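Here are my notes, in the order I'd click through the viewer. Have it open alongside as you read.

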Amino acid sequence: MNIEKKINFNSSLLTPKSRTDAINRVSTTPQKSAIIRIENVFKIYGSGETEVKALNDVNLIIEEGEYCAIMGPSGSGKSTAMNIIGCLDRPTSGHYYLDNVDVAQVDDGALAHIRNKKLGFVFQQFHLLSQLSALENVILPMVYAGVSNSERRDRAADALRRVGLENRLNNKPTQLSGGQQQRVAIARAIVNRPVVLLADEPTGALDSRTTQEVLDIFSELNASGITVVMVTHEPEVARQTQRIVWFRDGQMVHSNMTPSDLNHLTTS
Ligand code: ADP
Ligand code: MG
């Protein structure tokens with residue numbers, strides 16, 4: 001099902017560019033609770049004929065406590081945006097403020113520190129270390145964060161309990177199902193108590209039952225105060241968030257769709 005097409009058909013749901021611009025201008029004024037603030041961000045790959053504007057003047061605010069899905073067709077800039085939000089990459093131009101810190105002004109070492117302290121990452125392919133147990137995988141980010149040896153084990157076990165894996169602490173990834181591996185990855189992402197959890201297609205490799213398990217965990221984490229930002233191309237997944245941001249051709253064409261907008265689009 002091509003929702004992008006349906007959105008094009010149903011133009012009443014798309015704000016005209018002039019209005020989007022006005023909304024974006026208003027929403028880029030500094031706000032205390034804006035945990036993520038992206039202003040006029042461009043990301044350009046290559047040059048001349050091969051130039052690709054992966055992000056083309058994006059303005060986006062995500063407030064603390066939001067549960068937000070980023071959607072859009074393949075190649076529209078979702079992962080590029082996530083990499084910038086996650087401080088894994090820097091914009092070509094424009095500003096990115098994470099928790100009111102201008103990330104452009106921070107050197108690579110300090111950025112790695114911010115990433116480790118403030119952000120948690122979950123990826124489609126889990127990215128667990130295969131030779132380590134679930135517990136050891138979850139301990140790893142605490143080693144970089146300088147958490148004391150005695151505390152690491154307890155905190156890792158707590159995080160794994162939170163995702164329902166208290167009986168799998170010593171299992172290696174190959175001894176776990178895909179859904180369980182993703183839950184280990186979520187435990188690893190939350191163990192340093194991040195303010196923002198970023199997930200790029202976290203259910204892309206999962207069946208519908210384990211997808212729901214992962215989404216239930218995200219909802220619980222969000223209810224406990226963590227801001228969750230998730231890229232997905234699955235409407236059933238995006239529908240369980242609170243706000244949907246839509247990308248197309250490197251631009252944010254809609255900044256605030258609700259899950260019911262999506263319901264309407266996909267059932268019409
Ligand atoms: P999405 O996640 O929405 O599928 P991406 O953010 O991965 O899209 O890519 C956006 C655009 O930028 C695409 O045209 C892609 O080919 C291009 N792109 C992404 N990363 C690179 C890169 N490292 N070098 C060159 N082009 C890239
Ligand atoms: Mg992508």
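1. A quick word on naming: helices (H or I, at least four residues) and strands (E, at least two) are DSSP runs, numbered from the N terminus. By that count, Arg152 belongs to helix 6. Keep in mind throughout that this is a predicted model.

2. Let's stay with helix 6, which covers residues 149-162 and has 14 residues. From its first C-alpha to its last it reaches 21 Å, close to the 20 Å expected at 1.5 Å a residue. Just after the helix, Gly164 takes a positive phi of about 80 degrees.

3. Which residues of helix 6 are buried? They are Arg152, Ala156, Ala159 and Leu160. Looking down the helix axis, the buried residues fall within an arc of 95 degrees, so they line one face of helix 6. What do they pack against? Their partners are helix 5 (134-145) and helix 7 (178-190). Turn to the other side of helix 6 and you find Ser150, Glu151 and Asp154 exposed.

4. Arg152 is worth a look of its own, being a charged residue on the buried list. Arg152 counts as buried because it has 20 C-beta neighbours inside 10 Å, and the cut-off for buried is 20 or more. Leaving out residues up to four places away in sequence, Arg152 touches Ile139, Met142 and Val147. Pro141 is 11 residues from Arg152 in sequence, and their C-alpha atoms are 9.5 Å apart in space.

5. Now the ligand. Ligand 1 is surrounded by Tyr45, Val52, Ala54, Gly72, Ser74, Gly75, Ser76, Gly77, Lys78, Ser79 and Thr80. Strand 2 (52-63) and helix 3 (78-85) are the elements that give two or more residues to this shell. Helix 3 supplies the largest share, three residues. What is the make-up of the shell by class? It has three nonpolar, seven polar and one charged residues.

6. Strand 2 also holds Glu63. Arg37 sits 26 residues from Glu63 along the chain, with 8.5 Å between the two C-alpha atoms.

7. On to the core. The largest nonpolar core has 70 residues, and those with the most contacts inside it are Ile70, Val138, Ala187 and Leu197. Take Ile70: beyond four places in sequence, this residue touches Lys78, Ala81, Met82, Val229, Val231, Val245 and Phe247. Lys78 is also one of the residues around ligand 1.

8. Two backbone spots to check, if you like looking at phi. Asn100 has a phi near 70 degrees, a positive value in a residue other than glycine. Asn100 lies in the loop between strand 4 (93-98) and strand 5 (101-102), and is exposed, with 11 other C-beta atoms within 10 Å. His127 is not a glycine either, yet has a positive phi of about 55 degrees. His127 is placed in the loop between strand 6 (119-123) and helix 5, and counts as partly exposed because it has 13 C-beta neighbours inside 10 Å.

Note on methods: Residues are numbered from 1 along each chain as its sequence is written. Chains are lettered from A and ligands numbered from 1 in the order in which they are written. This is a predicted model: local features need pLDDT of at least 70, side-chain atom pairs count only at pLDDT 80 or more; totals for chains, interfaces and linings use all residues. The expected span of a helix is 1.5 Å times one less than its number of residues. A residue is buried if 20 or more other C-beta atoms lie within 10 Å of its own, exposed if 12 or fewer, and partly exposed in between; C-beta atoms are placed from the backbone. The arc is that of the directions from the helix axis to the C-beta atoms. Two residues are in contact if their C-beta atoms, placed from the backbone, lie within 7 Å. A residue is near a molecule or strand if its C-beta atom, placed from the backbone, lies within 6 Å of it. A nonpolar core is a set of buried Ala, Val, Leu, Ile, Met, Phe, Trp, Tyr and Cys residues joined through C-beta atoms within 7 Å.
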